[in-house]
Amino acid sequence: MTDWFTEKQTPHLGLTLEVKRRLFDRTGPYQRVEVMETVEFGNLLVLDGCVMVTDRDEFVYHEMIAHPALALHPNPERVLIIGGGDGGSVREAVKHEAVKSVTLVEIDQLVIDACREFFPALTASFHHPKAQVLVADGFAHLDDHPQAYDVILVDSTDPVGPAEVLFSPAFFHKVRASLRPGGFAVFQSENPFLMGGIIRKMHQDLRPLFGQVALYLALIPTYPGGHWSFTLCADQVNPAQVLPRPLSFEDSLKYYNQGIHTAAFQLPGYLRRLLAP
Ligand code: SAM
């Protein structure tokens, strides 16, 4: 009998993938962690029933969470990634010549262990000389690191369970306080079509803290609702108006390039209206 996995993206909408083999299924203190081999997308990481990463389309999310901020910041020496225990964001961040250190703070050892076994091409980045991996709560980590980072990437799960706090105003204040002067923060900010209310609230909470708060978009086949969004926060640089630095490794990327960067900040009318102050 054919095995299918369905992520219920809303109570009335699901994404279904055909599964070849179930490879891993354990529940730890934070969440249920599953890995499946699928027919169309290679290995698939699922946390608490939600699609996180597939071999085939992970490049879109990881290139797009990392490169826009790193290509705009004039000298992104110190990078912090909160969440992201699959290693994909670290893999992208270490590519930048200006980046001297990338600290990953992932709360769940089980995610790291499962990804080391089933996504070795992503977790290989943990052994890069610039990378450091800490198993800890990202919220708590920020308390001990005031003005420590040039770029902070919040590569979190959806706002439930351990990640709920990563969408709170208290967390946004801590992120702000942990940035060096001129620092940038990027938050994965969910699907605007299905979860517009979350994005609107995030932007309302972030605007008093940063001079510039800009939404940008990418298309990720296994994420719900068409577009996926990220929110980039800076003090002075308006990311929608400034051209990013050319990247020496741009030709090796599969999604991000200067044209995509510029286009990603252009929003359809329904999103301009959603974010209107
Ligand atoms: N690409 C993904 C997506 O949006 O679907 C995100 C994937 S990444 C695996 C998200 C990670 O954030 C998870 O491994 C989860 O354990 C981690 N996480 C959730 N809350 C956290 C917290 N408070 N501190 C650090 N990591 C956290």
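**Around the ligand**

A polar side-chain atom of Tyr223 lies 2.8 Å from a nitrogen atom of the ligand. This is a predicted model, where local features need pLDDT of at least 70, side-chain atom pairs count only at pLDDT 80 or more, and totals for chains, interfaces and linings use all residues. Residues are numbered from 1 along each chain as its sequence is written, and side-chain values use heavy atoms, with hydrogens and water left out.

In the side chain of Asp137, an N or O atom is 3.0 Å from a nitrogen atom of the ligand. Gly138 uses its backbone: an N or O atom there lies 2.9 Å from a ligand nitrogen. The protein covers 99% of the 600 Å² of accessible area that the ligand has on its own (Shrake-Rupley method, 1.4 Å probe).

Now look at the whole shell. It holds 24 residues, each with a heavy atom within 4 Å of the ligand. Gln31, Glu106, Asp137, Gly138 and Tyr223 come nearest. Domain 1 (3-54) and domain 2 (58-275) each give at least three residues to the shell; the bounds come from an automatic or database domain assignment.

How values were computed
Polar contact = N/O pair within 3.5 Å; in protein donor to acceptor, adjacent residues only side chain to side chain.
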